[in-house]
Amino acid sequence: MYPELGQLALILALLLAVLLTVVPLAGSLTGRESLQAFARPLTTGMFVFVALAFAVLTHAFMTDDFSVAYVANNSNSMLPWYYKFSAVWGGHEGSLLLWILMLTGWTMAVAIFSRRLPSVMISQVLSVLGMISVGFMLFIVVTSNPFDRLLPNVPADGADLNPLLQDFGLIVHPPMLYMGYVGFAVAFAFAIAALINGRLDAAWARWSRPWTTVAWAFLSGGIALGSWWAYYELGWGGWWFWDPVENASLLPWLSGTALMHSLAVTEKRGVFKSWTVLLAIITFALSLLGTFLVRSGVLTSVHAFASDPDRGTFLLVLLALTVLGSLMLYAFRAPVVHVRSRYGSLSREIFLLLNNVLLVSATLLVAVGTLYPLILDFFQLGKISIGEPFFNLTFSPLAIAAGLLLGVGTFSRWKKTDAGWLGRKILWPLAVSMLISTAAIVAYGGFKPWAFLGLFTACWIAMTTFWDLWDKSGSRKGRVHGLKRQSRSYYGMVLGHLGVAITMAGATVVSNYGIERDVRMVPGDTAQVEDYQFRFVGIGERRGQNFTAQYGTFEVSHEGKFVAELHPEKRQYAVGMSVMTEADIDAGLFRDIFVAVGERISDDAWAIRLQYKPLIRWLWLGAVFMAVGGFLAVSDRRYRIRDPKTSRSTSSAGAATGKTDAQPATGAAS
Amino acid sequence: MHPIRKKRLTIVLFLLAGLSVAVALTTYALRQNINLFYDPSQIAAGEAPTDARIRAGGMVEEGSVIRDPDSLKVEFKVTDYSASVPVEYMGILPDLFAEGQGIVAMGRLGTDGRFVADQVLAKHDENYMPPEVSGALEKASKAQTEAAAETATY
């Protein structure tokens, strides 16, 4: 009974979405306020019905209703309750439902938090979001109904959730990632609404900024969680493989980062408008592309569930419609907006423009590496794969260039920066980071050009960021007062940039100085990795709730001193008889010790993987900084206390946004 | 030159410079890092190059896995049921590696026809087949049925 209700709720939500697409938009185009007034109630209705459908599906999982095909395929009565809960999005249909729940949730949030927006604008934004909802709800209802029943032959038990997905990482990674993906839909909707209106002004940029930043923060967190999960669960200690699925999430992140920065210029200075709109469109298109790549089954990966050609086609059509439609609109409307604004060749505008060039180049590069094999395969021109070296070789220089530029750009001013002043400003940070990175290289043993460049860039970003903070917080009333006076969005930027530095340092050190050894060991053997001794004590057996495991016991010591006892496992899942390797890790801020058990070689000999991973935690720590920075920036006062009347009047001036971030403080000019 | 035009020109030049650097890097890196896929029949027929890193895939032949008891060396045969290729690998195999399962190996083909793999990939769940492998199997079985049909007509 319940599953049918769930399906009914989905269909009702679809109908409401159709109304949301048509009614408020028509109202805004004809100027009828009575029709525009429908936008918010329709949004609420759509969200409530989708939430209802999601609740019904969750209920089916929790009560082991194996008459529902999706539950039977992705759950099992022996599964612990929290994995039954996360199994809701453990397969294609459910994860799509989660996608839609997020989308309608974001739409709801826009309806709630945009009370101060003009009615025409908000009804158009909600209509565009409704359009996207229609596309995805049609997709789920037509091709991927999660409520399909297996009647009358109800299986006695479910086929179980893929053991790889029975993990804390899966509980949090997809929702977080989807929040990011889908969040860019809001920036997209704002851009489209602005194009329809022909009103690409600073007010539009200010409305878009917090949404973009929040989406970006979620996406940063989601990508980091995915990388962390891959590290301990399926990667045998790898953290990024340049796998097409990973790239699919990196693409919108890169262009979203560019969008965040170009929105800042558009808001503050009223320039780059057409470019910003285009970026907003591209970023959302890349989110859709990511969904297509991951969900259509064209890729080989953990994320590719049972593939069905209809689904791929549907998503591709959806993607094509979105891209073509919005680019058409862009082509017709973008030239309408034209601005004259002066800025010198060393201005902050130019630095942010270069930042955009680098980020977009990186996006293109990753896109080429990801899509080229797929396109060749599609046209039957051969099956190729593009290996990690391609991405490492091309992505690293761009990342380093962007980092170096970030450091200089931190000090730059809007309109014009004096070259001599800028040169003097960067002198000290340059010297200090040179010193620190050289010292670090020596400490890690061995000069490698890439390692040095990466570390130097990371130090450089951190040093310039701190230097700038020090400059700006100078105050006659004392340092504390000066620090307090800085806005939250400024601190958000500081945290975000420090996050980039931390991630960069982590990535550089772990890929250059990490050690990985595969060895054959019998109980009693000792192996040496770096300064650490690993003693293989023995293999034991234990029972979990739905698996049996053989676990190894390893004693790790560092120069004779005991460090940790690790128990990596080889799990045998009862349902489906699949085997899973569960690594054990002694985690630390400066290094991880990683042990995983491979296969049995002979009676008592085992293949063992031992790893020493310096600074690997920094990769994800940096992402945490970025995400927190994003949320902090959004909590800034200026996004909350502002009357639409005043924002409209100041919008044409562009720069008149008051004492907010990036305005050099009084002490800086000395 | 008019200052606005001059500025536009600089922007365009910057964009072009960035773009050309990216394109140059990309093509250079692409040329070195494309790995072509070959199925066992192609390798047995000598179509695969011996001087480049390639991917080979197929099913692990039943009863072909030989493990060296003193090291991590493993030998097995990869087959598409019309030809098979011996593979050598040193290291830890993925959890779902088993006889009769589809795998993809990365590595180099020796002049003696042995494939030395530096990476072996199996898929993540037991019902899934790497698309290259299923394609190779389809091709091989089609070739066999055609061959059978030909012999039958004679």
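Contact here means heavy atoms within 4.5 Å. With that in hand, we can begin with chain B. The model is predicted: local features need pLDDT of at least 70, side-chain atom pairs count only at pLDDT 80 or more, while totals for chains, interfaces and linings use all residues. Residues are numbered from 1 along each chain as its sequence is written, chains are lettered from A and ligands numbered from 1 in the order in which they are written, and side-chain values use heavy atoms, with hydrogens and water left out.

Of the contacts in chain B with a separation of 6 or more, 54% are between residues 24 or more positions apart. The chain has 3 helices and 7 strands. Helices (H or I, at least four residues) and strands (E, at least two) are DSSP runs, numbered from the N terminus. Along the sequence, the pattern in chain B is α-β-α-β-β-β-β-β-β-α.

Chain B has 154 residues, and 39% of them count as buried. Buried means under 20% relative accessible area, exposed means over 50%, and partly exposed is in between, with a 1.4 Å probe and protein chains only. The accessible surface of chain B is about 8500 Å², and carbon and sulfur atoms hold 58% of that. Accessible areas come from the Shrake-Rupley method with a 1.4 Å probe; for residues, only the protein chains shown count as cover.

Next, the interface. How many residues of chain B are in contact with chain A? There are 36, and they meet 48 residues of chain A. The size of an interface is often given as the accessible area lost when the parts come together. Between chain B and chain A the buried area is about 3600 Å², with 66% from carbon and sulfur atoms. Buried area is the accessible area (1.4 Å probe) that two parts lose on being put together, summed over both.

There are 2 salt bridges between chain B and chain A. A salt bridge is a side-chain nitrogen of Lys or Arg within 4 Å of a carboxyl oxygen of Asp or Glu. Glu599(A) and Arg67(B) form a salt bridge through their side chains, at 2.7 Å from N to O. On the side of chain B that touches chain A, the elements giving two or more residues are α1 (3–33), β1 (34–38) and α3 (131–153) of chain B. Of these, α1(B) gives the most, with 15 residues.

Leaving aside residues up to four places away in sequence, Tyr372(A) touches Ala367(A), Ile384(A), Ile386(A), Leu30(B) and Ile34(B). Tyr372(A) counts as partly exposed because its relative accessibility is 33%.

Last, some backbone details in chain A. Most residues other than glycine have a negative phi, and most peptide bonds are trans. The peptide bond from Leu151(A) to Pro152(A) is cis, with omega near 0°. Pro152(A) is in the loop between α7 (119–143) and α8 (168–197) of chain A. The loop between α7 and α8 also holds Asp160(A), which has a positive phi of about 80° although it is not a glycine. Is Asp160(A) buried or exposed? Asp160(A) is buried, because its relative accessible area is 8%.

Phe272(A) is not a glycine either, and its phi is positive, near 60°. Phe272(A) sits in the loop between α10 (244–269) and α11 (273–295) of chain A. With a relative accessible area of 14%, Phe272(A) is buried.
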